[in-house]
Amino acid sequence: MKKLTLLSLLCLLLGALAPYPGRAQGNVPFTIANNSPFADNSLFVAIVGIDGAGNHVWVNPRNGQVLPMSSAYNTVTGPTYNGNTGPGQNSKYAGCFFRLSDIPNKTFTLPYIAGCRVFIAQGQQLYLYFFGASGAPSGYAAPDFQNPNDPNKGIRYEFIELTNNQYGFFGNPTRVDSYHYPMGLELWGGGGYYKRVGELKSHADILSAYQSFAPPAFQSLLNTAAGTITCPGKSPAFQSGGTQVGYFGSYIDAIWSKYANEDLIFYAGDAGVFKGRISNGRLTVVGQSGGFAGRTGVVARKPTTQEVLEGKGALDNRVGDGDCDLVVQAQLCAAINRHVVNTTTANPGQQNWYNAAQYYQTAPANYYARFWHQGGISVDNLNYGFAYDDVNDQSSSVHAAQPTRVTATFGGFAGTTPPPAGGVATLYKDCNYTGTAVALPPGDYPLSALLSRGLLNDDLSSLRVSSGYEAVLYENDNFTGASLLVTSAGNACLVGNPLGTDNWNDKTTSLRVRAASTATFSRLLEAEAATLNNGMTVEACSEGGQNMGYVDAGDYLVWNAISFPTSGAYLIEYRMASGTGGGTLSADLNAGAIQLGSTSVGGTGGWQNWTTVSRTVNLTAGTYNFGIYAQTGGWNLNWVRITKVNTAARPATVTATTAGAADEAADLRLFPNPVTDGQLHLTLNAALGSGEYQIVNTLGQVVTTGHLSQQTTLNVSQLPAGVYTLLVISPDKHKLVRRFSKQ
């Protein structure tokens, strides 16, 4: 089976270790687009992965049903090559593939799932073998094109690897093993997030470009007849007995010789600077700064060419401080593939292994990986050419903490219209649009991307944005912390409200530039300025001005006469702090006639340690009284910001409940919500009599069933923390649906 990339390994660990509580955005719609000459009925789709309990599962893309892997699904007869009848000894394989034409709208619901692969095969299904959901053996047998008798040989296929959990969506197409056909991946998320990765050229053009590009040592990776390119680590030429088995040998020898006598000092991005030497064949370095300062990382022995190409063996080995070992090994592996370890300069001092302009400039280097990063092949020259290609963010990876939809495109982006390019937002070092200026096209810019363009941290003072676009500024890296929306009106000396009390001068650490909605709207509601305050106390705020504190369950604030100019999706952001374990608030319009749902904040480490939490809802244009209600106490509030989001972005939560639905809410009441003591009290309208109920988790699995009389108390203490759906069907088939959270 394929070695996991560094990103997918991280995602798998996150998925396996985390408890999978419910999250606001719920399950994610995943669309498979077909940008190939092949008909939809000739493309076959399967989804396999691991659920929140650690069980191996597969997803039926026609109905979104999540099913445990079981050998009982091995019902499809596959080919037998030279007596290879598969793990079941009967040439039977899993019936988990479905034609793309049979998937409604070519879209399925992606559940919470870790270590997941979405396979797309052309012409016929792949032959996966299911062992089981748990125990040993468990999981599935994947295609192995190194095996000449594998039942999948000769089948064109691609896959997206991903994890979707409470931390968001992590995913990527990959060239770590091979290339069979162009692929594209697009991800949309809360706050206007959008990113696409994948190939830009047609299949024929990619094969032709590789043939023209590849040096002789890498030409054998191209199989013109099959239309495939195999990574060097899986190619016979680079394996035992092959002509290139020692391809990196002399370079690795030079590294091990040089740094046995002098210090190897290298910069590794957020991981920091490391320094050390090779002794008795072992490289030992110590973090000098950054995330691993004072910690020791070890490469136990000199790696081989195959270990460098595949990131395995000595370069995937916990020796002492395991996490630090793996970080150092990933840095070294990437540096050798890219040929940026200096072996020629006497005492080179600190080396910058994060200067992408220096990658692949000298042989020997991994020219298979370089091909995917050269101009015009991949979006933004990003791709996964080897397992640790995400070192210095060179991989084709996407991540959104609040994903709203995903599209994987078989055939990549050849012939499609790219998003707008060019500078649509101009950033200035000084107020009044003066000082150093940098123009940015649409896109996401973490701090590293800003630094690469000459923009320092906390050094932005004014901003102009072209008509039809907007920018979102964030106080922290990676689009976290407080945020400020800047529209085409610009902002001459960055402030967040007309009074100038929300100072954003020299505060920006990351930002997004995106297409604006047709009618941009943003309204900042200061907590202390609410029209009506029931139970909260005004106090001084560390961010300036005042905030509301001493919040107890049942307290609320109301701001009167808030006008929403257009119908559609709105982002509601809450600036909150909690010196305890956090709490939950809900929002509504017109004294609860329209419910906007609940939002929770965890403990922030102090009553003045602020963070921003948010949710997206659908609203109808009009003027309302906007209120927030303390479902539980234990938090402070500085402000609320309501922003019209791009019309292309789907709401991340359920559409706001209308007044008509609020009347229906009287038919079934449940409290407390969230449940903290395990006792959920239900009251059913006497006119409906009684009913049968189900409790369904966020994976769509029924976890509890029973009978509901007019008043019932359910013990849900056995349920893990998370969000659940309660479904009640009365004798007259009246269906009632409610959501509740268990803490």
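Guide: Helix 4 and helix 6 pack at an angle of about 130°, with 11 Å between their axes (lines fitted to C-alpha atoms over the stretch in contact, with angles from 0 to 180 degrees between N-to-C directions). That makes helix 4 oblique to helix 6; under 35 degrees would be roughly parallel, over 145 roughly antiparallel, 65 to 115 roughly perpendicular, and the rest is oblique. The two cross in a right-handed way, meaning the near helix is turned clockwise from the far one by less than a right angle. On the helix 4 side the contact (heavy atoms within 4.5 Å) is made by Tyr-251, Ile-252, Ile-255 and Trp-256, and on the helix 6 side by Leu-332, Ala-335 and Ile-336.

Bear in mind that this is a predicted model, where local features need pLDDT of at least 70, side-chain atom pairs count only at pLDDT 80 or more, and totals for chains, interfaces and linings use all residues. Numbering starts from 1 along each chain as its sequence is written, and side-chain values use heavy atoms, leaving out hydrogens and water.

Now for the surroundings. Helix 4 spans residues 249-258, and its buried residues are Tyr-251, Ile-252, Ile-255, Trp-256 and Lys-258 (buried is under 20% relative accessible area with a 1.4 Å probe, protein chains only). Helices here are DSSP runs of H or I, at least four residues, and strands are E runs of at least two, numbered from the N terminus. Besides helix 6 (322-338), the cover over those buried residues includes strand 20 (273-279), strand 21 (282-287), strand 22 (296-299) and helix 5 (305-310).

Methods. Buried < 20%, exposed > 50% of the residue type's maximum accessible area, 1.4 Å probe, protein only.
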